[in-house]
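Subject: Structure handover

Hello,

Here is the structure you were waiting for. My notes follow below it.

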Amino acid sequence: RIGVLLCMGLACGLLLFCVHDWVPHEEHVRPMQGLASPRLLQAHSGGPVDISERTRGASSASAPFPYLRGLAKKATSRQQSLAEPQEPTRGAPSASSERATRGGERPVSRESEDDCEARGTCTVAEMVRRYAEDETVVVTFGNSRQQHFTANWVYHLQRLNVGGLLVGMMNMAAAETEFVKFARVMRARGVGCYVVNSPEVKMQPQGGRWFHVLPLLRTGARVLLSDSDVAWLRDPRPYLRALEISHPKVDFAVSSDAQHMSDRRRLSLSTKTPASESAGASTVEAAATALLRDRSELDIEDFGHCHESMNIGVMFFPRGARRGTLEALEQATAHLSSEGNLRRVDQGPINYRWKFGAKAFKWHKPLHRVQDDSGRRLCGLVNGSVVGAVLPSAQFCNTLTHSVLRLWKAAGVQPYALHAVYMRRQEEDWKVMRLREQQVWLDAHAWYGNLTLRDRVGDRAGDRLGG
């Protein structure tokens, strides 16, 4: 009798387990997977998009991004497929017609070309040639596990009409099914997607990615490099072009872990290096000139910030494959290759190499001031062969300086970026939580209640987002 009861109990338990496994349970889904909705990157044309009228319960066959249905199976039950992509509110057109949406049309897919990109054999130089806009590429590195961060990064940049986007996917094969599907979605949105593999990346992706930055810089294009956990709030290109004009000595500019501002100096036009006013100047060039004349943005931080930890999660490299730019990255990769540094967090070793040298040697000329028209604000690095600059902490923010200290508010400016770092914990769930708090994480609108995207990032949320 006891044996029969035990058998019946086991059978009931097995049945319950099967039913439990078959029925999706919302509480078993990690919040970070809320991004993986088929509405990914729908609103990429610039102006705020009202998503409050989405069709609920649309069939999966009609979803505009079928690849994301697989990821959406793990998302919350709030996130439904869209029957049809909505027509975006018309904003300023993108610099590339392939990336702009007109009358609800989607961007032209790069996969329509019979070339190396579809085969995954394009060189970095070829990818830059195809996707650069105004001689500029905006780059991040991702991987299979963090596709949701990559998608959030792309979404916010495209919403600002920023083109020239490149995504390097680490430790994936070009023929791998998961990469093929993800790359197809990215290319359909006008984003270049390529594989990034090397022994260094395989050992430690965080540090190994720097070995793949040098090929980008050698093309001579401007490179804005950021981590995928950065949410872009404003188009940074005019500001960075203005910085390039105002500080021609700078080989790179980098964000900071500093929790304070220096002197709140405003970025202005240099009398020795005037901005271009030619009729053929690009939209970005014209915006940069206006920015310099208006003195509406903060200049780079004073030299004191050079001593703070340079946060390599946001870096800008001017055009031209400058000798100092290449030297900075060559020294960084050399240092990561020695003393077991590749297995450490990359930021520490890179900062030390640039400023002071290495364990075995020290620069004869360690970190020092460099003079330009703005004063002695620049960072002399790598024995005097490299000139760096620190981006304003109030505008290129982390979660502390943006959401807690609110430096942008104190300085009377608007922030460009929110980097999900400098929190009590650095796990992905915490990053998503912090980005959600500022409503810059790509969720179904129901996550935030019955709000349109304009409500979330427009006037009523301006004080919260700094926009």
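Start at one residue pair: in S3, Val 167 has Cys 193 as its bridge partner. First, some ground rules. This is a predicted model, in which local features need pLDDT of at least 70 and side-chain atom pairs count only at pLDDT 80 or more, while totals for chains, interfaces and linings use all residues. Residues are numbered from 1 along each chain as its sequence is written, and side-chain values use heavy atoms, with hydrogens and water left out. Helices (H or I, at least four residues) and strands (E, at least two) are DSSP runs, numbered from the N terminus.

**Strands S2 and S3**

Strand S2 (residues 165–170) pairs with S3 in the parallel sense, over five bridges. Two strands count as paired if DSSP finds at least two bridges between them. S2, helix H6 (residues 177–188) and S3 form a right-handed β-α-β unit. Right-handed means that, with the strands pointing away from the viewer, the path from the first strand over the helix to the second runs clockwise.

Strand S3 (residues 192–196) has four of its five residues buried, so the rest of the structure largely encloses it. Buried means under 20% relative accessible area, exposed over 50%, and partly exposed in between (1.4 Å probe, protein chains only).

Gly 164 lies in the loop between helix H5 (147–159) and S2. Gly 164 is buried, at a relative accessible area of 0%. From Gly 164 to Arg 129 is 35 residues in sequence and 9.8 Å in space, C-alpha to C-alpha.

**A three-strand sheet**

There is an open sheet of three strands, in the order S5-S12-S11, with mixed pairing. Strands S5 (230–232) and S11 (396–398) are at the edges with a single partner strand each, so one side of each has no neighbour in the sheet. The twist averages 20° from one strand to the next. The axes behind such angles are lines fitted to C-alpha atoms, for helices over the stretch in contact, and angles run from 0 to 180 degrees between N-to-C directions.

S5 and strand S12 (residues 417–419) run antiparallel and are joined by three bridges. Val 230 has His 419 as its bridge partner in S12.

**Salt bridges**

The rule: a side-chain nitrogen of Lys or Arg within 4 Å of a carboxyl oxygen of Asp or Glu. By this rule there are 20 salt bridges.

- Arg 130 pairs with Glu 117, with the closest N and O atoms 3.6 Å apart. The pair links distant parts of the chain, 13 residues apart: Arg 130 is in helix H4 (residues 124–131) and Glu 117 in helix H3 (residues 116–119). Both Arg 130 and Glu 117 are buried.
- Asp 227 meets Arg 209 at 2.7 Å, N to O. Asp 227 sits in the loop between strand S4 (222–226) and S5, and Arg 209 in the loop between helix H8 (205–208) and helix H9 (214–218). Asp 227 and Arg 209 are both buried.
- Arg 237 pairs with Asp 235, with the closest N and O atoms 2.8 Å apart. Arg 237 counts as buried, at 12% relative accessibility.

Shared partners join Glu 117, Glu 126, Arg 129, Arg 130 and Arg 187 into one salt-bridge network.

**A surface patch**

Val 4, Leu 5 and Met 8 form a nonpolar patch on the surface, with about 310 Å² of accessible area together. Leu 5 is in helix H1 (residues 2–22). Leu 5 is exposed, at a relative accessible area of 56%. Patches take residues with over 30% relative accessible area and no salt bridge, joining like charges within 9 Å and nonpolar side chains (Val, Leu, Ile, Met, Phe, Trp, Tyr) within 5 Å. Accessible areas come from the Shrake-Rupley method with a 1.4 Å probe; for residues, only the protein chains shown count as cover.

Best wishes
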